[in-house]
Amino acid sequence: MAFRAGAVSSATGLSTTAAAAYPSGLAADDILTALVTMDSSNAGAFTWPTGVTQLSRVSLASADVQQVGTAWDRADGTETGNFEVTLPAIATWGIILMA
């Protein structure tokens with residue numbers, strides 16, 4: 001399988017959802033990989049969409065909550081809109097989504 005497309009998105013303190021558009025041309029059985037970063041003053045972990053498999057998550061020891069996580073999912077070919085990760089509180093975040 002070849003690299004199909006990717007999307008990058010980020011925001012500072014605007015919402016409790018980190019989102020990136022699903023890559024164009026996504027087809028059934030494509031593998032999606034995601035990398036999410038979060039920096040928040042509130043404790044808690046971000047939550048992957050239902051069915052997504054977490055590969056890793058690292059929390060950095062600091063005065064605030066900083067996390068980096070990776071995950072994957074197999075596309076069914078009907079995905080539209082955004083891949084969304086739920087954050088525990090309003091946070092600065094970044095997301096990279098590739099297929």
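This is a predicted model: local features need pLDDT of at least 70, side-chain atom pairs count only at pLDDT 80 or more; totals for chains, interfaces and linings use all residues.
A polar contact here is a pair of N or O atoms within 3.5 Å; within protein, one must be able to donate a hydrogen and the other to accept it, and residues adjacent in sequence count only if both atoms are side-chain atoms.

View 1. Residues are numbered from 1 along each chain as its sequence is written, and side-chain values use heavy atoms, with hydrogens and water left out. Is Gln 67 buried or exposed? Gln 67 counts as buried because its relative accessible area is 3%, where buried means under 20%, exposed over 50%, and partly exposed in between (1.4 Å probe, protein chains only). Leaving out neighbours within four places in sequence, the residues in contact with Gln 67 include Val 36, Thr 37, Met 38, Phe 46, Arg 57 and Val 58; contact means heavy atoms within 4.5 Å.

**View 2. Val 58 and the nonpolar surface patch.** Val 58 belongs to strand β4, and Val 58 is called partly exposed because its relative accessible area is 46%. Together with Val 8, Leu 35, Leu 60, Val 68, Ile 96 and Met 98, Val 58 makes a nonpolar surface patch of about 550 Å². Patches take residues with over 30% relative accessible area and no salt bridge, joining like charges within 9 Å and nonpolar side chains (Val, Leu, Ile, Met, Phe, Trp, Tyr) within 5 Å. A salt bridge, for that rule, is a side-chain nitrogen of Lys or Arg within 4 Å of a carboxyl oxygen of Asp or Glu. Areas come from the Shrake-Rupley method with a 1.4 Å probe, and for residues only the protein chains shown count as cover. Which strands supply at least two residues each to the patch? They are β4 (53-60) and β7 (92-98).

**View 3. Ile 95 and the largest nonpolar core.** This core has 23 residues, and those with the most contacts inside it are Phe 46, Trp 48, Phe 83, Val 85, Leu 87 and Ile 95. At least two core residues come from each of β1 (6-11), β2 (17-21), β3 (31-40), β5 (65-74), β6 (82-86) and β7. β3 gives the most, with four residues. A nonpolar core is a set of buried Ala, Val, Leu, Ile, Met, Phe, Trp, Tyr and Cys residues joined through side-chain atoms within 4.5 Å. Setting aside neighbours within four places in sequence, Ile 95 is in contact with Ala 7, Val 8, Ser 9, Ala 18, Ala 19, Ala 20, Leu 35, Val 36, Phe 83 and Val 85.

**View 4. Asp 29 and Asp 30 in the loop between β2 and β3.** Asp 30 is classed as buried because its relative accessible area is 4%. A polar atom of the Asp 30 side chain lies 3.0 Å from the backbone nitrogen of Ala 27. Asp 29 counts as partly exposed because its relative accessibility is 47%. What is the phi of Asp 29? Phi of Asp 29 is near 75 degrees, a positive value in a residue other than glycine. Most residues other than glycine have a negative phi.

**View 5. Arg 74 in strand β5.** Arg 74 is partly exposed, because its relative accessibility is 44%. Not counting residues up to four places away in sequence, Arg 74 touches Asp 29, Asp 30, Ile 31 and Glu 79. The C-alpha atoms of Arg 74 and Pro 23 are separated by 13 Å, with the two residues 51 apart along the chain.

**View 6. Thr 80 and Gly 81 in the loop between β5 and β6.** Thr 80 counts as exposed because its relative accessibility is 65%. Gly 81 is in contact with Ala 20, Ala 21 and Tyr 22, leaving aside neighbours within four places in sequence. C-alpha to C-alpha, Gly 81 and Ala 19 are separated by 9.4 Å.
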